[in-house]
Amino acid sequence: MTVTGPEMLALLGLGLGAGVLGALVGIGGGVVIVPALLLVFGFDVRIAVAISLLAVVGTSVAAGSLNQTGLANLRIGLSLELVTILGGIAGGLVATAIAPHLLGAALGVLLGVTAVLLLRGRDGEGQATEIEDVPSEDEASQEIGHLGGTYRDGHSGVAIAYEAERVPATSAIAFGAGALSGLLGVGGGFLKVPAMNMVMGLPLKVAAATSSFMVGITALASLFIYIARGYFYPYLAAPVVVGVLVGGISGARLQHRSSPRVLRLVLAAVLALVAVQLLLRAMGLAS
Amino acid sequence: VIRQDRSGRAMAAVPVDGDGERVAQWIMRGGLVVSLALLLAGTAIRALAGGPAEAMRFTALVGSSDPGDRALLLGALVLALTPMAQVASLLIGWARERDYRFAIVAAGVIMLLILGAVLGGG
């Protein structure tokens, strides 16, 4: 495959945009990168997915490098990631027994409903409560042995404590997100963020930052498979990943300072976009 | 602030920048800087040399004679290994904090990732 100078710049721009969006709402950016590589650049789907998976790892690393704000709860993230990877293995095992288009249509409807619920929802902070004493700005804490923590919101300046609710139900959704990754070739961030916010009761910023941490690990599990099977073109991936690394840092900074309302609206718009993509694919109108 | 869980027991809080998390964050920063530098250098070398993009596996790090391709592959490998190193550092940090429950979770994630890489590579 040959690639021109202007195409390299366009790939860099794609990575920048996907990195900002992916780190801002915790979805990784794959839902933007894969369709763009297919529809705008005309890449083969497997090559596009391999590039996207490395880019999602890049978004996760960029966002993780800025976690001094303590928004990402790594204990919650890894606990859910354990079942997500198991779901990915299960999804791979049953991939031939389930019609992906039917599953995609069902998921599209589910995401559409979730987007509407997000738009109608209040801008509160899940099950979190305001507290008066957190050490200082940009410091946070997490409880040993528990799925909870505290942080100071960069937008309002308010210190917030939270604790995970309904962990089994959220774990089941994370398992499903992992299975869908194997079945449909999509990431799981767009399922994990609403699940952690609406089911687990985490503040939206904590859910998004924790998801950013998780999606890198989820993508990693699939990335090695695509590389081993010969679908990885490093020269094509490089501009996208460079863009994502730079954009991801900006997205993570924006996330800390944004109001929950803005994050909620952006996430709802992304979910609606993914829902339309999945429904079009189910109807055979998109690749 | 002494917070209590639902059963009323006091919960021990640790700052997010405690042991495991602090090392994990530096690993992420290091991985980001090194991979970014390698990807930029590799792209520049490949762009100057010209020629089509080719599919490559990590084994080409040894076999390839093109310095641009080697830099690109090494950059991708460093980036891919960064989250694994991060989880490994969390495992060690949480074990040192005697947070064994989550240390076991981290060990489980690492084992599953290695299993996936082995199965995928096969």
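Me: Is A:V276 buried, partly exposed or exposed?
Reply: This is a predicted model. A:V276 lies in helix α10 of chain A, which covers residues 260–282. Buried means under 20% relative accessible area and exposed means over 50%. The relative accessibility of A:V276 is 47%, so the residue counts as partly exposed.

Me: How far apart in space are A:V276 and A:V109, C-alpha to C-alpha?
Reply: In sequence, A:V276 and A:V109 are 167 residues apart. In space, the distance from C-alpha to C-alpha is 8.8 Å.

Me: Which pattern of helices and strands does chain A follow along the sequence?
Reply: Chain A has 10 helices and four strands. Of its 287 residues, 60% count as buried. Read along the sequence, the pattern of chain A is α-α-α-α-α-β-β-β-β-α-α-α-α-α.

Me: Which residues of β3(A) are buried on one side and which on the other?
Reply: Strand β3 of chain A spans residues 148–152, and five of its five residues are buried. In a regular strand, side chains alternate between the two faces of the sheet. Both faces of β3(A) are covered: A:G149 and A:Y151 are on one side, and on the other are A:G148, A:T150 and A:R152.

Me: In which sense do β3(A) and strand β4 of chain A pair?
Reply: A:Y151 stands opposite A:I160 in β4(A). The two strands form a hairpin with six residues between them, and A:G157 in the turn has a positive phi of about 80°. Over five bridges, β3(A) and β4(A), the latter covering residues 159–163, pair in the antiparallel sense.

Me: What is the phi of A:R166?
Reply: A:R166 is found in the loop between β4 and α6 of chain A. With a relative accessible area of 46%, A:R166 is partly exposed. A:R166 is a residue other than glycine, and its phi is positive, near 45°.

Me: Is A:T84 buried or exposed, and which residues does it touch?
Reply: A:T84 lies in helix α4 of chain A. Its relative accessible area is 1%, so A:T84 is buried. Leaving aside residues up to four places away in sequence, A:T84 touches A:A174, A:G178, A:K192, A:M214 and A:T218.

Me: How much area do chain B and chain A bury between them?
Reply: The contact takes 60 residues from chain A and 57 residues from chain B. Of the area buried between the two chains, 73% is on carbon and sulfur atoms. The buried area is about 5,400 Å².

Me: How many salt bridges are there between chain B and chain A?
Reply: Over all chains, the count comes to five salt bridges. One of those joining the chains is formed by A:R75 and B:E97, with the closest N and O atoms 3.0 Å apart. A:R75 lies in helix α4 of chain A and B:E97 in the loop between α3 and α4 of chain B, so the pair joins two chains. Between chain B and chain A, the count is two.

Me: Which residues are joined into one network by salt bridges that share partners?
Reply: The side chains of A:R75 and B:D99 meet in a salt bridge, 2.6 Å from N to O. B:D99 lies in the loop between α3 and α4 of chain B and A:R75 in helix α4 of chain A, so this pair joins two chains. A:R75 is buried, and so is B:E97; B:D99 also counts as buried, at 2% relative accessibility. The network consists of A:R75, B:E97 and B:D99.

Me: With which residue does B:R46 form a salt bridge?
Reply: B:R46 lies in helix α1 of chain B and its partner in helix α3 of chain B, so the pair ties together parts that are 23 residues apart in sequence. B:R46 is buried, with a relative accessible area of 3%. The closest N and O atoms are 2.8 Å apart, and the partner is B:D69.

Me: Which residues make the nonpolar surface patch of about 430 Å²?
Reply: Among the residues of the patch is B:L115, which is found in helix α4 of chain B. At 40% relative accessibility, B:L115 counts as partly exposed. The patch is made by A:L86, A:I89, A:F175, B:L115 and B:L119.

Definitions and conventions. Residues numbered from 1 in each chain as written. Chains lettered and ligands numbered in written order. Predicted model: local features only at pLDDT ≥ 70, side-chain atom pairs only at ≥ 80, totals over all residues. Heavy atoms only, no water. Patch = residues over 30% accessible without salt bridge, like charges linked within 9 Å, V, L, I, M, F, W, Y side chains within 5 Å. Areas by Shrake-Rupley, 256 points an atom, 1.4 Å probe, with all protein chains shown as cover. Salt bridge = Lys/Arg side-chain N within 4 Å of Asp/Glu carboxyl O. Buried < 20%, exposed > 50% of the residue type's maximum accessible area, 1.4 Å probe, protein only. Pairing = 2+ DSSP bridges. Contact = heavy atoms within 4.5 Å. Buried area = accessible area lost by both parts, 1.4 Å probe.
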